[in-house]
Amino acid sequence: PELSPAPALSPEGVVVDAAGRTSVPGLFAAGDLTSPPERRYVAQAIGQGAIVARAVEALLSLKRPSAEA
């Protein structure tokens with residue numbers, strides 16, 4: 001399946017910032033999607049996944065209605 005809009009790509013994979021955010025709002029990437037085959041390491045993917053999980057959690061907490069509403 002194709003995404004519309006598609007995230008920015010480089011020769012290494014999906015382009016992400018330090019938090020794993022892509023050029024598509026709300027779309028995150030990590031691990032094998034962001035590294036070329038010769039630089040795919042399990043430990044690196046685990047670390048990137050943890051960073052992305054925190055960024056997603058922060059994004060979702062901003063979208064939650066407050067308890068006072």
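This is a predicted model: local features need pLDDT of at least 70, side-chain atom pairs count only at pLDDT 80 or more; totals for chains, interfaces and linings use all residues.
View 1. Thr34 lies in the loop that links strand S2 (13-14) to helix H1 (42-63). Is Thr34 buried or exposed? Its relative accessible area is 11%, and buried means under 20%, so Thr34 counts as buried.

**View 2. The contacts of Thr34.** Which residues does Thr34 touch, leaving aside those up to four places away in sequence? They are Glu12, Val14, Val16, Ala29 and Gln48.

**View 3. The fold of the protein chain.** The protein chain has 1 helix and 2 strands. Along the sequence, these elements follow the pattern β-β-α. The radius of gyration is 14 Å, well over the 11 Å that the globule rule gives for 69 residues, so the protein chain is more spread out than a compact globule. Along the principal axes, the C-alpha atoms fill a box of roughly 50 × 30 × 20 Å.

**View 4. Burial and contacts across the protein chain.** Of the 69 residues in the protein chain, 22% count as buried; Thr34 is one of the buried residues. Among contacts with a separation of 6 or more, 23% are between residues 24 or more positions apart.

**View 5. Surface and charges.** The protein chain exposes about 5300 Å². Carbon and sulfur atoms supply 62% of this area. The protein chain carries 6 positive and 7 negative charges.

Conventions
Residues are numbered from 1 along each chain as its sequence is written. Side-chain values use heavy atoms; hydrogens and water are left out. Helices (H or I, at least four residues) and strands (E, at least two) are DSSP runs, numbered from the N terminus. The radius of gyration is taken over C-alpha atoms; the globule rule is 2.2 Å times the number of residues to the power 0.38. Buried means under 20% relative accessible area, exposed over 50%, partly exposed in between (1.4 Å probe, protein chains only). Contact means heavy atoms within 4.5 Å. Accessible areas come from the Shrake-Rupley method with a 1.4 Å probe; for residues, only the protein chains shown count as cover. Lys and Arg count as positive and Asp and Glu as negative; His and the chain ends are not counted. The place of a charge is taken as NZ of Lys, CZ of Arg, CG of Asp or CD of Glu.
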